[in-house]
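Okay, thanks for coming, everyone. I'll take a few minutes to walk you through this one, so let me put it on the screen.

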Amino acid sequence: MSIEKSIIEKLSLTFTPRVLDVVNESHMHSGPALESHFKVIMVSHVFEQKRLIARHRAVNECLAEELAGDVHALAIHVYTPEEWETRQHSVPLSPKCLGGSKSA
Amino acid sequence: MDTLENIKQQIAENNILLYMKGSPKLPSCGFSSQASQALMNCGEPFAYVDILLNPEIRAELPKYANWPTFPQLWVDGELIGGCDIILEMFQQGELQTVIKESAAKNKPAGEEQA
């Protein structure tokens, strides 16, 4: 199974999101891996009353296996349904790579 | 010094500390670039550690912080978050508040603002 698919499966199971979009942004970055950089956009009731750091920790934990493996960057944009309406379904763009992993 | 002790000391001694790839002037990663840019826009001095030059910190800090990626912003000994959280807080004006409060709290005696 592709990493992208397993990310989608795990997040769906853990957060039962209303909105889930997993974007493979690996093409924006240097390095040979085809599945190294991902962006997760997710809307779920689970995030209500939770601070940003707690929400991100929950996502990181859910994908710990992937992050310990090939996944090198994970942009996380998670909202409650109410926040999602307030921001009119918009998410920030991810930055272009500056070649950090190449020189590392 | 043991790497973990080194990390703890850095976090204890620098009230605003960014672990990043590259430096604020010459960032080596888009996420680190955005994070340091937002932090600079808060208008207070901050410390940074280039983890590309410190591979042992790069390896050790994620375990200690329970946070898998970089950049990482630490304020007053507490992990605030990575790039997405820093930017989100900056857009909401929360980051500026957190940074200004920390800077005011940690100002050396005799340098209080007029």
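Before I get to the interface, one definition: by buried area I mean the accessible area, taken with a 1.4 Å probe, that two parts lose on being put together, summed over both. And keep in mind that this is a predicted model.

With that in hand, chain A and chain B bury about 1,800 Å² between them, and 62% of that is on carbon and sulfur atoms. On the chain A side, the residues that lose the most area to chain B are A:Arg57, A:Pro95 and A:Leu98, which together make up 27% of what that side buries. In terms of contacts, we have 24 residues of chain A against 23 residues of chain B.

Let's look at chain A on its own. There's an open sheet of three strands here, in the order S1-S2-S3, and the pairing is mixed. S1, residues 19–24, and S3, residues 73–79, sit at the edges with a single partner strand each, so one side of each has no neighbour in the sheet. The twist averages 10 degrees from one strand to the next. Helix H1 of chain A, residues 3–15, packs on that sheet and touches S1 and S2, with its direction at about 160 degrees to that of S1(A).

Now S2 of chain A, residues 37–43: this strand pairs with S3(A) in the parallel sense, over seven bridges.

One more stop in chain A. Is A:Arg55 buried or exposed? It's an arginine in helix H2, residues 52–62, and it is buried, with a relative accessible area of 5%. Beyond its neighbours within four places in sequence, A:Arg55 is in contact with A:Phe47, A:Lys50, A:Val78, A:Tyr79, A:Thr80 and A:Glu83.

Over to chain B, and strand S3. S3(B) pairs with S1(B) in the antiparallel sense over four bridges, and B:Ile16 is the residue opposite B:Val75. S3(B) also pairs with S4(B), residues 78–81, again antiparallel, this time over three bridges. There, B:Leu73 has B:Gly81 as its bridge partner. S3(B) and S4(B) make a hairpin with two residues between them, and B:Asp76 in the turn has a positive phi of about 50 degrees.

What about the side chains? In a regular strand they alternate between the two faces of the sheet. In S3(B), B:Gln72 and B:Trp74 point one way, B:Leu73 and B:Val75 point the other way, and all are buried.

Last element: helix H5 of chain B, residues 94–105. Its twelve residues reach 17 Å from first C-alpha to last, close to the 16 Å expected at 1.5 Å a residue. Which residues of H5(B) are buried? They are B:Leu95, B:Ile99, B:Ser102 and B:Ala103. Down the axis of H5(B), the buried residues fall within an arc of 100 degrees, so they line one face of the helix. The cover over them includes strand S1 (16–20), helix H2 (30–40), strand S3 (72–75) and helix H4 (83–92) of chain B. On the other side of H5(B), B:Glu101, B:Ala104 and B:Lys105 are exposed.

B:Lys63 counts as exposed, at 59% relative accessibility.

That's my tour, thanks.

Terms used:
Residues are numbered from 1 along each chain as its sequence is written. Chains are lettered from A and ligands numbered from 1 in the order in which they are written. This is a predicted model: local features need pLDDT of at least 70, side-chain atom pairs count only at pLDDT 80 or more; totals for chains, interfaces and linings use all residues. Side-chain values use heavy atoms; hydrogens and water are left out. Two strands pair if DSSP finds at least two bridges between them. Axes are lines fitted to C-alpha atoms, for helices over the stretch in contact, and angles run from 0 to 180 degrees between N-to-C directions. Contact means heavy atoms within 4.5 Å. The expected span of a helix is 1.5 Å times one less than its number of residues. Buried means under 20% relative accessible area, exposed over 50%, partly exposed in between (1.4 Å probe, protein chains only). The arc is that of the directions from the helix axis to the C-beta atoms.
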